[in-house]
Amino acid sequence: MPFKRFNAINLFGVIFTRLDTEMDEHLLNHERIHTRQMLEMLIVGFYLWYVIEWLIRLTMKGNAYRSISLEREAYSNEGNLNYLQQRKPYSWIKYL
């Protein structure tokens, strides 16, 4: 764990990384953004939304995983190490 094409996975706020992955500040920030999303969606809501949106996006053009709004927010802001201090709740909605 995680799957081969991913460096890390965040399950219920616990981050798992591949043995050959360096956990740099951007990757850690990306996963912390997911943790914040999970908390505001009461964890179960995060996973339900994630899977439903992924299934919908599978039918669309492009990479379904990269198109998920939760991932788009995390990827767009992983380089901004102050993002979580200024982030408003449910900011992922603007990435729909």
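## A ring cluster and its surroundings

Phe12, Phe46, Tyr47 and Tyr50 are linked into a cluster by ring pairs. Keep in mind that this is a predicted model, so everything below describes a prediction. If you search the whole structure, you'll find six aromatic pairs. Here are two of them, both involving Tyr47.

| Pair | Geometry | Centre to centre | Angle between planes |
|---|---|---|---|
| Phe12 and Tyr47 | tilted | 5.0 Å | 45° |
| Phe46 and Tyr47 | edge-to-face | 5.0 Å | 90° |

Let's start with the tilted pair, Phe12 and Tyr47. Phe12 sits in the loop between strand S1 (8-11) and strand S2 (14-17), while Tyr47 belongs to helix H2 (residues 44-58), so their pairing ties together parts that are 35 residues apart in sequence.

How do the rings differ in exposure? Phe12 is exposed, with a relative accessible area of 57%. Tyr47 is partly exposed, at 23%. Phe46, the partner of Tyr47 in the edge-to-face pair, counts as buried, with a relative accessibility of 3%.

### The hairpin around Phe12

Now for the strands on either side of that loop. S1 and S2 make a hairpin with two residues between them, and Phe12, in the turn, has a positive phi of about 55°. The two strands run antiparallel and are joined by four bridges.

Ala8 and Asn10 make up its covered face, whereas Ile9 and Leu11 are on the uncovered one.

### Glu71, a buried charge

Over to helix H4 (residues 69-77), which is where you'll find Glu71. Which side chain of opposite charge is nearest to Glu71? That would be Arg66, 7.0 Å away. Glu71 is buried, yet has no salt bridge; the cut-off for one is 4 Å between a side-chain nitrogen of Lys or Arg and a carboxyl oxygen of Asp or Glu.

What is Glu71 in contact with, then? Leaving aside neighbours within four places in sequence, Glu71 is in contact with His30, His34, Tyr50 and Tyr65.

Technical notes: Residues numbered from 1 in each chain as written. Predicted model: local features only at pLDDT ≥ 70, side-chain atom pairs only at ≥ 80, totals over all residues. Heavy atoms only, no water. Phe/Tyr/Trp six-rings, centres within 6.5 Å; stacked < 30°, edge-to-face > 60°. Buried < 20%, exposed > 50% of the residue type's maximum accessible area, 1.4 Å probe, protein only. Lys, Arg positive; Asp, Glu negative; His and termini not counted. Contact = heavy atoms within 4.5 Å. Pairing = 2+ DSSP bridges.
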